[in-house]
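This report goes through one structure site by site. Please have the sequence and the 3D view open while reading.

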Amino acid sequence: MKLKEIGEFGFIDRIAPLGSIRASGVIKGIGDDCAVMSVPGDDYLLVTTDLLVEKVHFLLDWASPQVIGAKSLAVNLSDIAACGGEPLDAFISIAVPEYIDVEWLDGFYKGMSEIARQYGVNLLGGDTTASKGHLVINVALTGRVPVDQVLFRHTARPGDILVLTGPTGESAAGTEILLSQAALPEAIFLPLIRSHLEPRPHVSEGRFLAQSGVCNAAIDVSDGLSSDLGHICRDSGVGAVVYQDRLPQSPPLLQAASLLEKDPLSWMLHGGEDYVLLASVKSEGLQDLLASALQNGLFLIPIGETNDTGRMELIRPDDSRADLTAKGWNHFR
Ligand code: ADP
Ligand code: MG
């Protein structure tokens, strides 16, 4: 059987039961943004890891080594954010092909250490090997979160409000521009390409939601809104509606879509690598929560609700309903 027959998530489902061999201390194993473990003290320990492969996740001609270094850590910071945590220590392993020189690696570590400094992350170890193929980068990152604040994917309740911490689709639009090499005005393509190459992990937003006491569940939008909402719905056993006209609108995305004759909604719903957070919050006190976020300089944008239908639906501006199917990123599919 080929991996494409079951897809990335089918594979993860297949291996998940094998994971927990010594159950004591494991709060959450395979199946969330981070593994969550109990350790002495008031915090849970969080661990996440992400693999980036040249030609699958990035092309060397698209981005400087600094940008690739920073993004390799940023995508892991985003998973710590999704669990409401504060990042701690990173471990970096690289498989280096012959065409990568020391100067490239210097740039990579410069980019990574700059973002590490911003977020107070130590770089504490890793591994270096030769690669007979492409450049492969793996970062593992630890974090911590107070035990009563951890955010999971599986704990949304029917009747919650779904909020995003930023717009979705810009990164997909940026990828499209890079791939097609379309000539667009700088004011349009620069912010979109930046969204793709230099995503800001929403660590402050994650801490804010975790401390709010009203956030039932969260995930970071790495595979695409429809897929990541799908993870929350499936794991929590809830359904959801998303209102198309409440999705945050990105002016450069809309302009790029119109110039390239692409469907902006498809980018917003299914494009991946946004690294904003999608959270499921209690409906009571929503206005206070939104106001308090704003006071902290953060945005929470309500886009829909969870329900007990078990289905995901999109409500169009004319109030008609359409099935919302998870069509985001899935390796091997
Ligand atoms: P994210 O998109 O948030 O990084 P993934 O979809 O990559 O999450 O992974 C989902 C879950 O599956 C996580 O708990 C992750 O640790 C686990 N996982 C993914 N690949 C493997 C693997 N090869 N072996 C064990 N666990 C895995
Ligand atoms: Mg994630």
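In this predicted model, helix α1 (residues 3-15) supplies five residues to the shell around ligand 1, the largest share. The shell holds 14 residues in total, and the closest are Gly-31, Asp-32, Asp-33, Asp-79 and Arg-153.

Individual atoms show how ligand 1 is held in place on the page. An oxygen atom of ligand 1 lies 2.8 Å from a backbone N or O atom of Gly-31. The side chain of Asp-79 has an N or O atom 3.0 Å from an oxygen atom of ligand 1. For Arg-153, a polar side-chain atom is 3.1 Å from an oxygen atom of the ligand. On its own, ligand 1 has 560 Å² of accessible area, and the protein covers 66% of this.

The next site is the metal. Which residues are the protein donors of the magnesium ion (ligand 2)? They are Asp-33, Asp-79 and Asp-220, each giving an OD atom, and they lie 2.0 Å from the ion. Along the chain, the donors follow the spacing D-x45-D-x140-D. Asp-33 and Asp-220 link distant parts of the chain, being 187 residues apart. Asp-33 sits in the loop between β1 (26-28) and β2 (35-38), whereas Asp-220 belongs to strand β8 (residues 215-220). Asp-33 has a relative accessibility of 7%, so it counts as buried. Asp-220 is also buried, because its relative accessible area is 1%.

The aromatic residues come next. A pair of aromatic rings is described by the distance of the centres and the angle of the planes. A search of the whole structure finds two such pairs, listed in the table.

| Ring pair | Distance of centres | Angle of planes | Type |
|---|---|---|---|
| Trp-104 and Phe-108 | 5.7 Å | 20 degrees | stacked |
| Phe-108 and Tyr-109 | 5.2 Å | 75 degrees | edge-to-face |

Why is the pair of Trp-104 and Phe-108 called stacked? Their planes are at 20 degrees, and planes under 30 degrees apart count as stacked. The planes of Phe-108 and Tyr-109 are at 75 degrees, so this pair is edge-to-face; the cut-off for that type is over 60 degrees. Trp-104 and Phe-108 are four residues apart in helix α3 (residues 102-119), so about one helical turn separates them. Together, the ring pairs link Trp-104, Phe-108 and Tyr-109 into a cluster.

Phe-108 counts as buried at 1% relative accessibility. Tyr-109, with a relative accessible area of 30%, is partly exposed.

The charged end of Arg-246 sits over the ring of Tyr-243, at 3.8 Å from the ring centre.

Ser-250 has a relative accessible area of 3%, so it is buried. Its side chain makes a polar contact of 2.7 Å with the side chain of Glu-170.

Notes: Residues numbered from 1 in each chain as written. Chains lettered and ligands numbered in written order. Predicted model: local features only at pLDDT ≥ 70, side-chain atom pairs only at ≥ 80, totals over all residues. Heavy atoms only, no water. Donors = N, O, S within 2.8 Å, 3.2 Å for Na, K, Ca; no water. Helix = DSSP H or I, 4+ residues; strand = E, 2+ residues; numbered from the N terminus. Buried < 20%, exposed > 50% of the residue type's maximum accessible area, 1.4 Å probe, protein only. Phe/Tyr/Trp six-rings, centres within 6.5 Å; stacked < 30°, edge-to-face > 60°. Lys NZ or Arg CZ within 6 Å of the ring centre and 35° of its normal. Near = heavy atom within 4 Å. Polar contact = N/O pair within 3.5 Å; in protein donor to acceptor, adjacent residues only side chain to side chain. Areas by Shrake-Rupley, 256 points an atom, 1.4 Å probe, with all protein chains shown as cover.
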